[in-house]
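Me: Could you walk me through reading a few features of a model like this one?

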Amino acid sequence: MNAISDPAAGQAGADPRRTQVAAWLSGLPQQLQLDPSTLQPASSDASFRRYFRVAMGPSTAVVMDAPPDKEDCRPFLHVAGLLHDAGVHVPRVLAQDLGQGFLLLSDLGRSTYVDYLRGTPTPHDTHRIYMDALAALVKLQQSATTDLVRYDKARLATELELFPDWYAARYRGQPLDAADRTALDAVFETLIDANMAQPFVLVHRDYHSPNLMLTDLPAGGPDYGPNPGVIDFQDAVVGPITYDLASVLTDARTTWDEPQQLDWGIRYWEMARKAGLPVAPDFADFHRAYEWMGLQRNLRILGVFARLAHRDGKLAYLDHMPRVNTYVRQVASRYLAFKPLMKLLDKLDGQTSATGYTF
């Protein structure tokens, strides 16, 4: 879930699903103290899910609207249970109707990490909330992985295909020729083999600033608890241990320079080792694994954002392209194995880069 408002949802009579939501809320037990007349759009995301906020006594709750012909609430319920059992602060499920695709959830607040970062954050508070996020990630990675799908080579390869299909061919308007395709296939194989060799844990897949809620500040919601509140976890899988760290430290919506990435990466690694997670005992090996995982994820993200813009008309995602491209180049320029990728990026982006391969 991210903070994209849904204006259409506020137009009376124009939204049958909203009418269904209000009717469902009206039929829930009176002790919940819900007031359906206060129903307001909260946010939507890149899928068909959207969210409403509703008064619940002196506080508020959140309704997830997931049309059952397009979305399935059961993965959300399953993963929420796994994360809660591991001590991760996730929304509580207050009521559910899977047939209609509605969940009533505790409200973790109105402020995400990205909301905070778009204000005037102090370095001290920024560091504090990111240390909270890293500590929560360590808990998340100790979760049970019962009945979760496992990343395999085929799935990783399918995700990477978004880069040539949508970033190169559609966004840049440059379908790859045979030579470029062969070179890119070799890079993809190298990345996939390395990332499949990592230890596997529960992976959120979008553990980044839009999905981390501030729950211990005055702007927090009624369901106070450990910071951060974690949302949008329904697509969790079993995958490489560095995946979610790469998500949060190479965030598409906020720029972290390399010294900051390194500082937080070391702090996470120390916490993970203390917790007994299977991270590499040598930080240099761990850092390389994190960078290679981040490269794979960010190549996928370039493709995802291009698809959201060109297929779905969600043009706001294009604003994040330069940042993600910078993260890709940061890693690709450092390793000889990715020299062909750098040449391709320069060709696609119409620029020449100075590379300093060190590994």
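Reply: We'll take a residue, then the cores, then a helix pair. It's a predicted model, so local features need pLDDT of at least 70 and side-chain atom pairs count only at pLDDT 80 or more, while totals for chains, interfaces and linings use all residues. Residues are numbered from 1 along each chain as its sequence is written, and side-chain values use heavy atoms, leaving out hydrogens and water.

Me: Is Ser247 buried or exposed?

Reply: Buried means under 20% relative accessible area, exposed over 50%, partly exposed in between (1.4 Å probe, protein chains only). Ser247 has 0%, so it's buried.

Me: Which residues does Ser247 touch, not counting residues up to four places away in sequence?

Reply: Contact means heavy atoms within 4.5 Å. On that basis, Ser247 touches Arg205, Tyr207, His208 and Arg297.

Me: And how do I read a nonpolar core?

Reply: It's a set of buried Ala, Val, Leu, Ile, Met, Phe, Trp, Tyr and Cys residues joined through side-chain atoms within 4.5 Å. Here the largest one has 92 residues, and Phe163 and Tyr268 have the most contacts inside it. Val54, Met56, Phe102 and Leu104 belong to a second, separate core of 15 residues.

Me: How do helix H7 and helix H12 pack?

Reply: Helices are DSSP runs (H or I, at least four residues), numbered from the N terminus. Axes are lines fitted to C-alpha atoms over the stretch in contact, and angles run from 0 to 180 degrees between N-to-C directions. H7 (residues 178-196) and H12 (residues 339-349) pack at about 130 degrees, with axes 9 Å apart. Asp180, Ala183, Leu184 and Val187 in H7 meet Pro340, Leu341, Leu344 and Lys347 in H12.

Conventions. Helices (H or I, at least four residues) and strands (E, at least two) are DSSP runs, numbered from the N terminus.
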